[in-house]
There are 2 protein chains.
Amino acid sequence: MESQYIGSNSGMEQQKEVKIANQRGGGTRESILRILALVLTLTASIVLGVGKQTEIVSLKLIPTLPPIDVPATAKWHYLSAFVYLVVADAIACAYAAFSLVLSFANRGTKNKLGLVIIVLDLSMVALLFSAIGSAGAIGLMGYQGNTRVQWNKVCNVFGKFCHLVAASTALSFLGSLAFFFLVVLGVLGLGRRSM
Amino acid sequence: MESQYIGSNSGMEQQKEVKIANQRGGGTRESILRILALVLTLTASIVLGVGKQTEIVSLKLIPTLPPIDVPATAKWHYLSAFVYLVVADAIACAYAAFSLVLSFANRGTKNKLGLVIIVLDLSMVALLFSAIGSAGAIGLMGYQGNTRVQWNKVCNVFGKFCHLVAASTALSFLGSLAFFFLVVLGVLGLGRRSM
């Protein structure tokens, strides 16, 4: 009877150890994803925020006169979709840093803060995906143009800036995937505990 | 001793009843949100997919000759951002119908299917928000235009079609909010069970 009791006790201890090891593993994965999200959104925001390109373009002001050459610059704040991407990346980056501290403080405890963090991670997924869609659509229009609405492509002139937009959009996409997997990790952690 | 036992038993019964009532309430809210998501994304996809506008526009083909009047039509599949919105809405609508059946089959049970549904709901949030961002950015460009890239506004000509785009984007946004709250509901349900 005593050995049975000891056996059951050691089984419970083992279960507890496995649970703690699982929590630690989950916590490490969460921290890595948060740091990844922070670095990716920070880089995306800097790449687009800092980059600019100046080119000489020919403009025909009056049809009867020959075209004149004027310098034209491409910058992120000339198009609202790029402003939205830079601002969304900055918000997501600041939140990633803040949530990293919060999740460290909350580690191993079962309170409502954990649920709030998952909902905020979800909000970052929504924010970043809408900004990526927005910048991606304008970037694609700049690359291909559209004859139906008579919007000419601009990437044949501002090729370097277009590459920066593509790089920033790709980095933001990877950052938003990090937030996506943070929500998945949170849901799986809650599921493991509730089953 | 007996009355204490009865008291504790009735307390457990009460707790069980409250849990069942909570599960039922959560299930009803989930079904309402799924039906809402289905209706909203279906309407959004039909509004943009069916709507078109034909107008007579003046085109100057050769600078020395007077402009000629030609009929021009605005349709969803002329711009890739609108194609993306219609396809994303159709996917989200089909998934909403499928997940409604799945969640009915899964009601009250604690298995991995519930977690899979939450992750799929999350994927719909990402898909719909990127499509809304994309259509919103192109719609805004059509409404405002941009002198820096010399893309003229087109909503002064195709006003009715622009209103349809705005209505479809707004409906898709409401649909994506329904999926957002479905994820929140799923997370809160798991949190309640694990605490």
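Which residue forms a disulfide with C155(A), and how far apart are their sulfur atoms? The partner is C162(A), and the two sulfur atoms lie 1.9 Å apart. Please keep in mind as you read on that this is a predicted model.

## Overall layout of chain A

Let us begin with the fold. Chain A contains four helices and two strands. Followed along the sequence, these elements come in the order α-β-β-α-α-α, with helix 1 covering 2-50, helix 2 covering 80-106, helix 3 covering 112-144 and helix 4 covering 159-194.

Chain A has 195 residues, and 39% of them count as buried. Its accessible surface is about 10,700 Å², with carbon and sulfur atoms accounting for 66% of that area. As for how the chain meets itself, take the contacts between residues at least 6 apart in sequence: 74% of these join residues at least 24 apart.

## The disulfides

Back to the cysteines. A disulfide is a covalent bond between the sulfur atoms of two cysteines. Over all chains, a search of the whole structure finds two of them. In chain A, the torsion about the S-S bond of C155(A) and C162(A) is about -85°, so this disulfide is left-handed. Are its two cysteines buried or exposed? Buried is the cut-off of under 20% relative accessible area. C155(A) has a relative accessibility of 12% and therefore counts as buried, and C162(A), at 18%, counts as buried too.

In chain B, C155(B) is joined to C162(B) by a disulfide with an S to S distance of 1.9 Å. The link of C155(B) and C162(B) is left-handed, with -85° about the S-S bond, and both cysteines are buried. One further cysteine position deserves a look: C93(A) is buried at 13% relative accessibility, and C93(B) is buried with a relative accessible area of 13%.

## The nonpolar core

Which residues have the most contacts inside the largest nonpolar core? They are I138(A), F179(A), I138(B) and F179(B), in a core of 86 residues. Helices 1, 2, 3 and 4 of chain A and helices 1, 2, 3 and 4 of chain B each supply at least two residues of this core.

Leaving aside residues up to four places away in sequence, I138(B) touches A137(A), I138(A), M141(A) and W151(A) in chain A. Within chain B, I138(B) touches L79(B), A81(B) and F82(B).

## Annotated transmembrane regions

An unreviewed UniProt entry lists residues 32-51, 81-102, 114-143 and 163-190 of chain A under "transmembrane region". How does the model look over these spans? Residues 32-51 of chain A are 95% helix and 0% strand, and the end C-alpha atoms of this span lie 28 Å apart. Residues 81-102 of chain A are 100% helix and 0% strand, with 31 Å between the end C-alpha atoms.

Where in chain A is S168(A) placed? S168(A) sits in helix 4. With a relative accessibility of 1%, S168(A) counts as buried.

Not counting residues up to four places away in sequence, S168(A) touches A44(A), V47(A), L48(A), L85(A) and D89(A).

Technical notes. Residues are numbered from 1 along each chain as its sequence is written. Chains are lettered from A and ligands numbered from 1 in the order in which they are written. This is a predicted model: local features need pLDDT of at least 70, side-chain atom pairs count only at pLDDT 80 or more; totals for chains, interfaces and linings use all residues. Side-chain values use heavy atoms; hydrogens and water are left out. Buried means under 20% relative accessible area, exposed over 50%, partly exposed in between (1.4 Å probe, protein chains only). Contact means heavy atoms within 4.5 Å. Accessible areas come from the Shrake-Rupley method with a 1.4 Å probe; for residues, only the protein chains shown count as cover. A disulfide is a pair of cysteine sulfur atoms within 2.5 Å. A nonpolar core is a set of buried Ala, Val, Leu, Ile, Met, Phe, Trp, Tyr and Cys residues joined through side-chain atoms within 4.5 Å. UniProt positions are given in the numbering used here, feature names are shortened, and annotations may be inferred rather than shown by experiment.
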